[in-house]
Amino acid sequence: MKSTAVVFSRPKELSLQALELPQVQAGQLELAVQYSGISTDAERMLWDGSMQAFAGVGYPLIPGFETVGQVVKAPQGAKLKEGDMVFVPGANCFSGVKSMSGGAASRLVVSDQIVVPVSDVLGVDAVLLALAATAYHAVSGGGIDAPFTPPDLIIGHGVMGRLLARLTVAAGCPAPTVWETQAELASGAQGYEVIRPEDDSRKDYNAVYHMNGDTFDLDQLIQRIRPGGEVVLAGLYKHGLQFSYSPAFSREARIRVSSEWKRPDLLAVNELVNRGQLSLKGLVTHVQAFQSANAAYETAFGDISCLKMVLDWSAHA
């Protein structure tokens, strides 16, 4: 059986290709993909060729780690049944191409250990679970470390910044301040304030979380924390970061890097969504049919009004 997949042949060259889908083995599921999100961090770097080299990166590749699909085939005795909706953080089921992370395709065969059942009512919003888990991980420690100091200042009101702000409010913590320099992104706050950096005179923040991956002045953030305060780097940055030692020394600043989510984070945010404590509404702004993948990627990376672009594969199912 064939599956239609988004394939990056090389930077900025995308096509839809029909690839052979393997047979379902014990411990695996076959999924009919409904939606797959386009990441504006990692996927943008794969798209434009700026991703730093590490094992597994290369072309041709299939992107996609924000996928929602319906189980269409499950081995006898499997916990999940045909018709169940699941979130899947990518796949590696096609030969001849690399999977980074391989979820942007019409059909997938995946391990039943990596998927997470999701509520049918979430629909397209379920693709946001990976980003919500990444935001949660920045504070939670991934179930390995004790929870960190929650943010009282968040940099960036994109999807990640909004999710972290919503999670902070949902946890009953004081509402964080959010900095945003783009007027187009300043609206949509839910229980917190969004302001421009130049309108904020505060210099005693406990924890500043930088969430948008854009180039920024680390010195500026260090100068806004209290002595012993923390700056958390939770984006994916193309270029190296540097800071002046003297201001950091005088504040005994802590600088922490937060990486991608772990499974406990994903399970936690899914539970928060199921309980109604975390809303994913209003963050998916653009949905396009998979046949328009080229245009969708251009919009996702070039239109400031596009918070989140999702490819709709449901017609293929």
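Hi everyone, let me begin with a convention: helix axes are lines fitted to C-alpha atoms over the stretch in contact, and angles run from 0 to 180 degrees between N-to-C directions. Helices (H or I, at least four residues) and strands (E, at least two) are DSSP runs, numbered from the N terminus.

Before the pictures, two notes on where the values come from. This is a predicted model, where local features need pLDDT of at least 70 and side-chain atom pairs count only at pLDDT 80 or more, while totals for chains, interfaces and linings use all residues. Residues are numbered from 1 along each chain as its sequence is written, and side-chain values use heavy atoms, with hydrogens and water left out.

Let's start with helix α2 and its partners. Two packed helices are described by the angle between their axes and the distance between the axes. For α2 and α3, the angle is about 60° and the axes are 9 Å apart. That makes the pair oblique; for reference, angles under 35 degrees count as roughly parallel, over 145 as roughly antiparallel, 65 to 115 as roughly perpendicular and the rest as oblique. The crossing of α2 past α3 is right-handed, meaning that the near helix is turned clockwise from the far one by less than a right angle.

Which residues of α2 and α3 meet? From α2 we have Leu 131, Ala 132, Thr 134, Ala 135, Tyr 136 and Val 139, and from α3 there are Val 159, Met 160, Leu 163, Leu 164 and Leu 167. Contact here means heavy atoms within 4.5 Å. Sorted by class, this contact of α2 with α3 has 10 nonpolar, 1 polar and no charged residues. In that sorting, Ala, Val, Leu, Ile, Met, Phe, Trp, Tyr, Cys and Pro are nonpolar, Asp, Glu, Lys and Arg are charged, and the others, Gly among them, are polar.

Now turn to α2 and α6. Their packing angle is about 110°, with 8 Å between the axes, so these two helices are roughly perpendicular. Here too α2 makes a right-handed crossing, this time past α6. On the α2 side, the contact includes Leu 129, Tyr 136 and His 137, and on the α6 side, among others, Asp 265, Leu 266 and Val 273. The class count for α2 with α6 is 10 nonpolar, 3 polar and 1 charged.

That brings us to the core. In soluble globular proteins, nonpolar side chains tend to be buried together. A nonpolar core, as used here, is a set of buried Ala, Val, Leu, Ile, Met, Phe, Trp, Tyr and Cys residues joined through side-chain atoms within 4.5 Å. Buried means under 20% relative accessible area, exposed over 50%, and partly exposed in between, using a 1.4 Å probe and protein chains only.

The largest nonpolar core has 46 residues, and those touching the most other members are Val 118, Leu 128, Leu 129, Leu 163, Tyr 209, Met 211 and Leu 280. Elements giving two or more residues to this core are β6 (85-88), α2 (129-140), α3 (159-170), β13 (205-210) and α6 (263-274). Which element gives the largest share? It is α2, with 8 residues. Beyond its neighbours within four places in sequence, Leu 128 is in contact with Val 159, Leu 163, Leu 280, Leu 283, Val 284 and Lys 308. Apart from this core lies another, of 44 residues, including Leu 29, Val 110, Val 115 and Ala 296.

Gln 34 sits in strand β3 (residues 28-38), and at 14% relative accessible area it is buried.

For backbone geometry, look at Tyr 59 and Pro 60: they are joined by a cis peptide bond, with omega about 0°. Pro 60 is in the loop between α1 (42-48) and β4 (61-63).

Lys 12 is not a glycine, yet has a positive phi of about 65°. Lys 12 is in the loop between β1 (2-10) and β2 (13-20), and is exposed at 59% relative accessible area. Glu 252, also not a glycine, has a positive phi near 50°. Glu 252 lies in the loop between α5 (245-251) and β15 (254-257) and is exposed, at 65%.
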